[in-house]
Amino acid sequence: MVPRPARLRSALSAALIALACLLAPCGALAAWAAYDLADTGRYVTTMAPLAADPAVRNAIADTVGAGIMDEVDARVDVRPLRGAVRPYVHDAVHSFTRTEAFRLAWDAANRAVHDAVLRALHDESEHDVTVDLAPVTAQVKRQLAVDHVPFANRIPVEHTEVSVLPVQELDRFRKGFHVLEVAGFWLPVTAVVLAVAGIAVATCRRRAVTATALGTALGGALLALAVTIGRRLTLADLPEEAHQPAAGAVYDALTATLRQASWLLVALGLTVALATWLTTRLRRPRGPSSPAPDPAERPARVRI
């Protein structure tokens with residue numbers, strides 16, 4: 001029968017290890033949101049390759065082309081020729097998405113949006129988060145002039161503010177962001193402390209190490225599964241199915257670090273569990289070997 005103190009230690013160790021394995025993927029998720037998404041340089045670097053993604057370029061061409069047609073309709077009645085004009089506008093915008101000016105505008109717009117959102121989340125202002133597109137327009141204008149595009153110098157640089165985050169949603173985003181900032185640091189630290197404590201109080205530490213490693217691997221696998229399910233739910237909620245490939249490309253780019261972290265947890269957990277198992281096998285004592293026969297007990301040889 002197992003003594004009562006040993007049972008209490010085993011129960012406490014199991015509880016600490018289970019809690020640590022539960023906090024490990026949550027800590028990875030919080031750290032990703034607080035330190036990866038919240039860094040403007042990393043965000044712009046992550047989004048930069050999407051300027052060459054065909055699905056993203058098509059979605060931008062459709063959106064910008066529709067905006068241009070709406071602006072033209074507001075000034076000139078082109079409804080009789082709308083079907084004939086739309087393809088030309090779409091082709092012109094789509095051609096622009098293949099230029100260096102578009103890539104510069106893409107990076108500048110992403111940086112401007114990210115900076116505006118971060119400033120709003122850190123200060124206490126109570127107004128809509130807007131982005132001034134004048135710097136983006138100026139950058140595109142300079143690049144077009146360098147490329148010797150006709151009439152590039154005549155492009156007007158107007159201060160056009162685009163709403164990014166409405167004020168009614170700002171307070172909720174601030175609270176969530178502050179929680180992520182705290183959780184992104186303390187959840188991983190707490191998970192490590194609980195795991196070490198659970199292994200320290202265990203009656204069989206090798207078994208506790210194996211359980212911690214397997215639980216970490218399971219948590220990483222669940223995190224990878226959550227990222228996959230989140231992708232499907234995100235794409236399913238889009239109102240336009242034509243833009244799903246572009247949204248999928250953006251989602252994959254933003255969650256690339258999170259997927260790497262989840263598979264790192266899986267690999268680390270399985271490696272530690274395998275190493276512990278191999279160490280246990282190598283240190284296990286071998287079965288008793290047959291003793292050498294006693295010379296005194298050997299049968300006497302009969303000489304003839």
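1. Helices here are DSSP runs (H or I, at least four residues), numbered from the N terminus. Helix α7 covers residues 167–201, and its end C-alpha atoms lie 50 Å apart, which agrees with the 51 Å that its 35 residues should span at 1.5 Å a residue; that expected span is 1.5 Å times one less than the number of residues.

2. On the basis of the note: this is a predicted model, in which local features need pLDDT of at least 70, side-chain atom pairs count only at pLDDT 80 or more, and totals for chains, interfaces and linings use all residues. Residues are numbered from 1 along each chain as its sequence is written, and side-chain values use heavy atoms, with hydrogens and water left out.

3. The buried residues of α7 include A183, G184, L170 and F177, where buried means under 20% relative accessible area, exposed over 50%, and partly exposed in between (1.4 Å probe, protein chains only).

4. The largest nonpolar core has 13 residues, of which M47, L50, V56, I60, F102 and W106 touch the most other members. Helices α2 (40–47), α3 (54–75), α5 (100–122) and α9 (244–254) each supply at least two residues of this core. Another core, of 8 residues, lies apart from it and has A28, W32, A33 and L258 among its members. Such a core is a set of buried Ala, Val, Leu, Ile, Met, Phe, Trp, Tyr and Cys residues joined through side-chain atoms within 4.5 Å.

5. There are 2 salt bridges, each defined by a side-chain nitrogen of Lys or Arg within 4 Å of a carboxyl oxygen of Asp or Glu. E100 and R103 meet at 3.0 Å, N to O, and are separated by about one helical turn because they are 3 residues apart in helix α5. D252 and R231 meet at 2.8 Å, N to O; since D252 lies in helix α9 and R231 in helix α8 (residues 205–236), this pair ties together parts that are 21 residues apart in sequence.

6. F102 is buried at 5% relative accessibility, and W106 is buried at 14%.
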